[in-house]
Amino acid sequence: MTNPQRSVREVGAAGYDGFFADAVARLHVERRYRIFADLERMAGRFPCAVWHSPQGPKEVVIWCSNDYLGMGQHPKVVRAMIEAATRFGTGAGGTRNIAGTNHPLIELEGELADLHGKEAALVFTSGYVSNQASISTIAKLIPDCLILSDALNHNSMIEGIRQSGMEKKIFRHNDVGHLEDLLSAAGRHRPTLIVFESLYSMGGDVAPISRLCDVADRYGAMTYLDEVHAVGMYGERGAGIAARDGAMHRIDVIEGTLAKAFGCLGGYIAGSATLIDAVRSYAPGFIFTTALPPPICAAATAAIRHLKISDWERNRQQDRARRVKSALAAAELPVMLSNTHVVPVAIGDPAKCKAASDLLLSKHGIYIQPINYPTVAKGTERLRITPTPCHDDHMIAELAAALVEVWGELGLPRGCLPYAAE
């Protein structure tokens, strides 16, 4: 019987590639191998982009960007980035512990704290890192902490919980009663951290934030809310769903991103000055990572300041989302119910989901990335459409017509769905 370890060692490092090839092959068999389209965004022309296809460059329309409000090309944001790069240079120079904190980053954190009505804020290199580092650090610093997590929380939150090493329990998605049962079983004296999202981006459904806070208050639990798909988009000044629902002051920690509605890069948390100082002092994902560069900080600050005073982008975006839902429903396409800007269209098969995406791109110049497992559960594969203020009526009509043609070509079932997105 051959020794696989010896055979690999005998052929050298290249022999290890077989393990990686097998892993990738499994993804192909499971129909969840991902291909990233080579897209060239064009400032001033979003949502139009150039797709560098195998046959050469081709102009396409992007329908799945998380640059929800088109702020990535807003003149104020672009100008702020250029001016900051000219004044401060391109990089941050290292971690904040080594290189100090660049002043645009201080201004950005002040702007974020103000946005959410909190004492302080802390910026990370991405929304993923802000969840992963903050949740794990906060839970570790609370003796015997029990973490209660919504069943559909993002992978970054799941990883933060796992890395904390603390006990966790999962409550059914948006199920306030189940959450209360878990809190009751744990007892009123055990420190507990409730971790959930405001807007779940793959289905577009919203958490019952006020009712979750009611339960947290009754049991003395701490709340941690991920608002990444809602900041800039909802509430007064774009502070998020919690602000819209009048519950922002009831949330202990609000986490958000600068990479979606604000059109830049980075993540953050906002909370009490004491909590922020503790995370700043203990989180490895913050301490040992190079800080965001001044140009990005300046651009993000410009986007936040603009959206604090401008409702045009939010109102226009909501109008576009309503029009897309109406057009697709009129075409009897299976739009999953959602009261937010996310427009999921159900397919339920990974191969056909990928095929629909490929046909839309190659034949119709429409880019919508397929959403397959593990991002969503098996059997719930979908296309996820995110209209922006920049999509006009002609683009919406072309989208509906293209989807109808693709549905017919692939033999996909038509008809509006009787159930809500999950």
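The legends below describe close-up views of a predicted model.

**View 1. Salt bridge between K308 and E111.** K308 and E111 form a salt bridge in which the closest N and O atoms are 2.7 Å apart. The pair links distant parts of the chain, with K308 in helix α13 (residues 294-309) and E111 in helix α5 (residues 103-115), 197 residues apart. K308 counts as buried because its relative accessibility is 11%, under the 20% limit for that class. E111 is also buried, at a relative accessible area of 14%. Both residues belong to a network of salt bridges that links E111, D114, R237, R305 and K308. In total, the model has 26 salt bridges.

**View 2. Salt bridge between R190 and D144.** The side chains of R190 and D144 meet at 3.2 Å, N to O. Side chains of opposite charge can pair when their charged atoms come close.

View 3. R323 pairs with D319, and the closest N and O atoms are 3.4 Å apart. Both residues lie in helix α14 (residues 312-330), four residues apart, which is about one turn of the helix. R323 counts as partly exposed, at 40% relative accessibility. D319 is likewise partly exposed, at 23%. These values place the two residues in that class because it covers the range between under 20% (buried) and over 50% (exposed).

View 4. Strand β5 (residues 146-150) is mostly covered, with five of its five residues buried. L146, L148 and D150 are buried on one side of β5, and I147 and S149 are buried on the other. In a regular strand the side chains alternate between the two faces of the sheet. Strand β6 (residues 167-171) pairs with β5 in the parallel sense, over five bridges. Within this pairing, I147 stands opposite K168 of β6.

**View 5. Open sheet of β13, β16 and β15.** Three strands form an open antiparallel sheet in the order β13-β16-β15. β13 (343-346) and β15 (370-371) stand at the edges, each with a single partner strand, so one side of each has no neighbour in the sheet. Strands of a sheet pair through backbone hydrogen bonds, either parallel or antiparallel. Four bridges join β13 to strand β16 (residues 382-385), and these two strands run antiparallel. V345 has L383 of β16 as its bridge partner.

**View 6. Surroundings of S126.** S126 is found in the loop between β4 (120-124) and α6 (127-140). The side chain of S126 reaches the backbone nitrogen of V129 at 3.0 Å. Leaving aside residues up to four places away in sequence, S126 touches G266 and G267.

View 7. Y16, F19 and F20 form a nonpolar patch on the surface, and together they have about 340 Å² of accessible area. F20 is found in helix α2 (residues 17-29). F20 counts as exposed because its relative accessible area is 53%, and the exposed class begins over 50%.

Conventions:
Residues are numbered from 1 along each chain as its sequence is written. This is a predicted model: local features need pLDDT of at least 70, side-chain atom pairs count only at pLDDT 80 or more; totals for chains, interfaces and linings use all residues. Side-chain values use heavy atoms; hydrogens and water are left out. A polar contact is a pair of N or O atoms within 3.5 Å; within protein, one must be able to donate a hydrogen and the other to accept it, and residues adjacent in sequence count only if both atoms are side-chain atoms. Contact means heavy atoms within 4.5 Å. Patches are made of residues with over 30% relative accessible area and no salt bridge: like charges are joined within 9 Å, nonpolar side chains (Val, Leu, Ile, Met, Phe, Trp, Tyr) within 5 Å. Accessible areas come from the Shrake-Rupley method with a 1.4 Å probe; for residues, only the protein chains shown count as cover. A salt bridge is a side-chain nitrogen of Lys or Arg within 4 Å of a carboxyl oxygen of Asp or Glu. Buried means under 20% relative accessible area, exposed over 50%, partly exposed in between (1.4 Å probe, protein chains only). Two strands pair if DSSP finds at least two bridges between them.
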